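Thank you all for coming.

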Amino acid sequence: MFSHKQLPGFGLALALIAALVACGDPNLLPPATMPIREDTVTLWALTGTPIASPSAFDIVRQVEVRTDRSTEFDFAFDFRPDTLGDTIPVLIPRGGLGLGEDAGLLRTTALFDTLRLAPAGGYDFRRAVPVDLEVVVIARSRPQLCNFGLQYPLYAKIQPVIISRTERWVRLRISIDPNCGYRGLERGIPDR
């Protein structure tokens with residue numbers, strides 16, 4: 001039998017066990033409440049553009065980021081030389097810029113509108129991902145502390161819609177699932 005002094009510790013242990021069991025199982029997560037929304041964002045190349053132009057994107061806050069003011073972002077945009085001496089547009093995860101290897105990118109062959117669920121794994125946390133107008137990339141954010149006490153990343157699907165090589169910027173179509181623990185990528189409130 002437990003004494004009244006032991007009950008708070010027992011409740012905490014029970015909550016911890018329930019949280020560990022729920023980890024990774026969307027059926028045991030709190031129901032998603034926020035809809036996935038689509039937007040467009042413009043990012044300027046890290047190199048060859050004014051420093052005041054945002055070159056990175058923060059999936060968690062859903063904002064463009066100036067890299068001279070913050071390292072709180074998940075990926076950045078730049079042009080990199082290819083093997084033929086041309087420059088190609090790339091998205092770069094934080095780890096590829098010498099920051100934490102906690103956000104990743106995954107290039108896919110799926111079409112933007114048919115991609116419904118982000119994979120749980122396979123993300124590159126260091127290498128730049130070449131992009132063009134036909135390429136869809138899935139992004140995994142830095143883990144964030146969710147309101148139910150565990151840490152999960154958020155997921156987004158991204159596709160360039162305009163690339164300006166002369167002015168060195170990209171306009172991205174992006175859909176973000178703002179619900180902790182969910183990997184849905186189609187419009188509406190996700191169920192997984």
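This is a predicted model: local features need pLDDT of at least 70, side-chain atom pairs count only at pLDDT 80 or more; totals for chains, interfaces and linings use all residues.

In the largest nonpolar core, which has 22 residues, F57, I59, F75, L91 and L172 touch the most other members. A nonpolar core here is a set of buried Ala, Val, Leu, Ile, Met, Phe, Trp, Tyr and Cys residues joined through side-chain atoms within 4.5 Å, and buried means under 20% relative accessible area with a 1.4 Å probe, protein chains only. Strand 12 gives the largest share of this core, 4 residues.

Residues are numbered from 1 along each chain as its sequence is written, and side-chain values use heavy atoms, with hydrogens and water left out.

Turning to the sheet, 5 strands form an open, antiparallel arrangement in the order 1-12-11-8-6; strands are DSSP runs of E, at least two residues, numbered from the N terminus, and two of them pair if DSSP finds at least two bridges between them. Strand 1 (37-44) and strand 6 (104-108) are at the edges, and because each has a single partner strand, one side of each is left without a neighbour in the sheet. Between strand 11 (residues 155-164) and strand 12 (residues 169-177), which run antiparallel, there are 9 bridges, and I163 stands opposite V170 in strand 12.

Methods: Buried means under 20% relative accessible area, exposed over 50%, partly exposed in between (1.4 Å probe, protein chains only).
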